[in-house]
Amino acid sequence: MATILVVEDDEYVRSAIIQELSRRRHAVRSAGRALDALREITQNPPDAVILDLGLPDLDGSEALKMVRSVSSVPVIVATARDDETEIVRLLEAGADDYLVKPFSGDHLNARLEAVLRRARATARPSTLRVGALAVDLNRREAVLNGTPLTLTRREFDLLAYLAARADRVVPRRELLTEVWQQSYGDDQTIDVHLSWLRRKLGESASAPRYLHTVRGVGVMLITPS
């Protein structure tokens with residue numbers, strides 16, 4: 001059994017999908033708007049999301065980008081758009097799979113089981129540990145020496161990304177692309193967030209303990225010796 005979030009504004013379609021998934025013993029939650037779905041994903045992370053593109057408050061492709069900025073949860077896009085270029089664009093934007101409406105319950109279940117298998121096979125530990133620093137990816141909480149850190153969403157995203165790649169240099173361009181979801185930007189943005197993070201980790205750029213800048217290359221979160 002998995003927990004599935006169905007994001008669909010059409011009540012008839014939403015009800016049919018919920019009934020089908022419940023019949024297969026999944027726990028199902030639903031949302032009719034993109035912003036409600038984002039709140040669900042951040043506060044009560046599901047195992048997978050079925051995302052309709054025609055939402056009333058936000059285009060589904062934009063909603064997908066926002067989901068990817070806060071979560072790596074598997075997303076199956078449900079769309080009436082069968083244009084190959086559009087489908088490729090959605091997959092490149094972070095969708096794990098897609099279904100073209102209308103689709104059968106068996107087809108939906110087969111696609112869902114496939115993305116869940118892949119997610120389980122590649123699942124990361126829910127808590128990353130680097131020295132006395134623990135980063136809980138599910139709760140989006142970080143603790144240092146037993147003391148919780150008060151982090152903004154972006155500070156947590158940056159810390160979590162670096163913690164998942166501890167003891168190796170992460171290029172600044174990669175941080176902009178993966179953490180800020182930007183293909184270009186000002187390095188000062190990274191420097192400002194690093195400065196805030198260092199302050200909360202109780203260190204400074206001149207005397208780093210965890211966060212080290214490798215001049216001209218990138219940033220590294222190291223395990224203190």
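Modeller: Gladly! Let us start with an open sheet of three strands, whose order is 10-12-11 and whose pairing is antiparallel. Strand 10 (170-171) and strand 11 (211-214) are at the edges, each with a single partner strand, so one side of each has no neighbour in the sheet. Before we go on: this is a predicted model, where local features need pLDDT of at least 70 and side-chain atom pairs count only at pLDDT 80 or more, while totals for chains, interfaces and linings use all residues. Residues are numbered from 1 along each chain as its sequence is written, and side-chain values use heavy atoms, leaving out hydrogens and water.

Colleague: What makes strand 11 and strand 12 a pair?

Modeller: Two strands pair if DSSP finds at least two bridges between them. Strand 11 and strand 12 (residues 218-221) have four bridges, in the antiparallel sense, so they meet that definition. Within this pair, Val 214 stands opposite Gly 218 of strand 12.

Colleague: And what counts as a strand or a helix in the first place?

Modeller: Both are DSSP runs numbered from the N terminus: helices are H or I with at least four residues, strands are E with at least two. On that basis the chain has eight helices and twelve strands.

Colleague: Why is strand 1 described as mostly covered?

Modeller: Buried means under 20% relative accessible area, exposed over 50%, and partly exposed in between (1.4 Å probe, protein chains only). Strand 1 (residues 3-7) has four of its five residues buried. Strand 1 also pairs in the parallel sense with strand 2 (residues 27-31) over five bridges. From strand 1 the chain crosses through helix 1 (residues 11-23) to strand 2, in a right-handed β-α-β crossover.

Colleague: What makes a crossover right-handed?

Modeller: With the strands pointing away from the viewer, the path from the first strand over the helix to the second runs clockwise. Strand 1 has a parallel link to strand 3 (residues 48-52) as well, with four bridges, where Val 6 has Ile 50 as its bridge partner.

Colleague: How do you know that Asn 109 is buried?

Modeller: Asn 109 has 15% relative accessibility, so it counts as buried. It is found in helix 5 (residues 105-121). Leaving aside neighbours within four places in sequence, Asn 109 is in contact (heavy atoms within 4.5 Å) with Arg 24 and His 26. Across the chain, buried residues make up 41% of the 225 residues.
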